[in-house]
Amino acid sequence: MVKHYSREPENSSNTCKTSGHDIRIKFKNTHETAQAIKGMALKDAQAYLEKVMKKEDIIPFKRYRYGVGRKAQCKKYKVCNGRWPVKSCEFLLSLLKNAEGNATMKELNPDQMFIEHVQVNKAMQGRRRTYRAHGRINAFMNHPCHVEMWLTQREEGVAAEPDSTPKRKAPRLRSGVAA
């Protein structure tokens with residue numbers, strides 16, 4: 001089966017990709033966890049997810065925050081709501097480990113990799129049923145998801161050329177005082 005990604009990286013020579021399809025972990029928790037690690041370095045993201053699993057740090061819930069309790073640990077992210085989604089963290093850690101292996105296969109340096117793209121999509125819901133009082137039956141659905149990410153190696157930046165344009169004088173008011 002060919003895995004299709006939502007988009008392709010600009011430079012595929014210094015990028016490694018990984019994905020998971022129809023994963024039985026909650027979509028909303030996984031979305032918030034993925035957004036929390038987006039843009040982080042590989043080692044930093046792994047350390048952060050390990051801390052979340054030990055409840056030393058928290059995942060801030062920004063989009064799907066309704067019904068999520070308020071936690072004091074969220075103050076450093078300037079939000080009120082947060083959780084410690086252990087199952088989502090475990091899966092994203094396994095994806096990061098897979099991406100790290102892919103990077104070593106492509107002879108890229110895992111210490112210079114950062115998460116450039118993370119996307120979490122809803123998958124088809126699983127249908128079960130639960131039996132209620134008085135002979136009624138209700139739906140008992142689960143909310144799986146698809147996850148895709150790629151990591152890119154940081155390129156060495158070029159130093160900026162010093163500005164050679166002359167500085168303009170500050171405009172003067174009619175009274176002669178500089179503004």
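**Group meeting: a walk through a predicted chain**

Let's start with Gly82, which lies in strand S3. A word on naming: helices (H or I, at least four residues) and strands (E, at least two) are DSSP runs, numbered from the N terminus. And a word on the source: this is a predicted model, with residues numbered from 1 along each chain as its sequence is written. Local features need pLDDT of at least 70 and side-chain atom pairs count only at pLDDT 80 or more, while totals for chains, interfaces and linings use all residues, and side-chain values use heavy atoms, with hydrogens and water left out.

Back to our glycine. Is Gly82 buried or exposed? Gly82 is buried, at 0% relative accessibility; buried means under 20% relative accessible area, exposed over 50%, and partly exposed in between, with a 1.4 Å probe and protein chains only. Setting aside residues up to four places away in sequence, Gly82 touches Ile58, Ile59, Pro60, Phe61, Val68, Gly69, Lys71 and Cys74, where contact means heavy atoms within 4.5 Å. One of these, Val68, is 14 residues from Gly82 along the chain, and their C-alpha atoms are separated by 6.6 Å.

Now let's step back to the whole chain. There are three helices and seven strands, and in sequence order they follow the pattern β-α-α-β-β-α-β-β-β-β. The radius of gyration is 23 Å, well over the 16 Å that the globule rule gives for 179 residues, so the chain is more spread out than a compact globule. For the record, that radius is taken over C-alpha atoms, and the globule rule is 2.2 Å times the number of residues to the power 0.38. The C-alpha trace spans about 90 × 50 × 30 Å along its principal axes. Of the 179 residues, 37% are buried. Among contacts with a separation of 6 or more, 67% come from residues 24 or more positions apart.

On to the inside. In soluble globular proteins, nonpolar side chains tend to be buried together. Here the largest nonpolar core has 33 residues, and Ile37, Leu49, Leu92, Leu96 and Leu151 touch the most other members. By nonpolar core I mean a set of buried Ala, Val, Leu, Ile, Met, Phe, Trp, Tyr and Cys residues joined through side-chain atoms within 4.5 Å. Which elements give two or more residues to this core? They are strand S1 (15–23), helix H1 (27–37), H2, H3, strand S4 (113–122) and strand S7 (145–153). H3 gives the most, with eight residues. If you click on Leu49, you will find contacts with Thr33, Ile37, Cys89, Leu92, Leu93 and Leu96, leaving aside neighbours within four places in sequence.

Ser19 lies in strand S1 and counts as buried at 11% relative accessibility. Beyond its neighbours within four places in sequence, Ser19 is in contact with Lys3, Tyr5, Leu95, Val147 and Glu148. Asn14 lies in the segment before S1, and Asn14 is also buried, at 11%.

Finally, the charged pairs. Side chains of opposite charge can pair when their charged atoms come close. How many salt bridges does a search of the whole structure find? There are three, a salt bridge being a side-chain nitrogen of Lys or Arg within 4 Å of a carboxyl oxygen of Asp or Glu.

Glu8 pairs with Lys17 at 2.8 Å, N to O, and Lys17 is partly exposed, with a relative accessible area of 27%.

Lys43 meets Glu100, again at 2.8 Å, N to O. That pair links distant parts of the chain, with Lys43 in helix H2 (residues 42–53) and Glu100 in helix H3 (residues 86–105), 57 residues apart. Lys43 is partly exposed, at 35% relative accessible area.

Then there is Asp57 with Lys76, whose closest N and O atoms are 3.2 Å apart. Asp57 lies in the loop between H2 and strand S2 (59–60), and Lys76 in the loop between S2 and strand S3 (82–83), so the pair ties together parts that are 19 residues apart in sequence. Do look at the accessibility here: Asp57 is buried at 5%, whereas Lys76 is exposed at 56%.

Thanks, everyone, and over to you for discussion.
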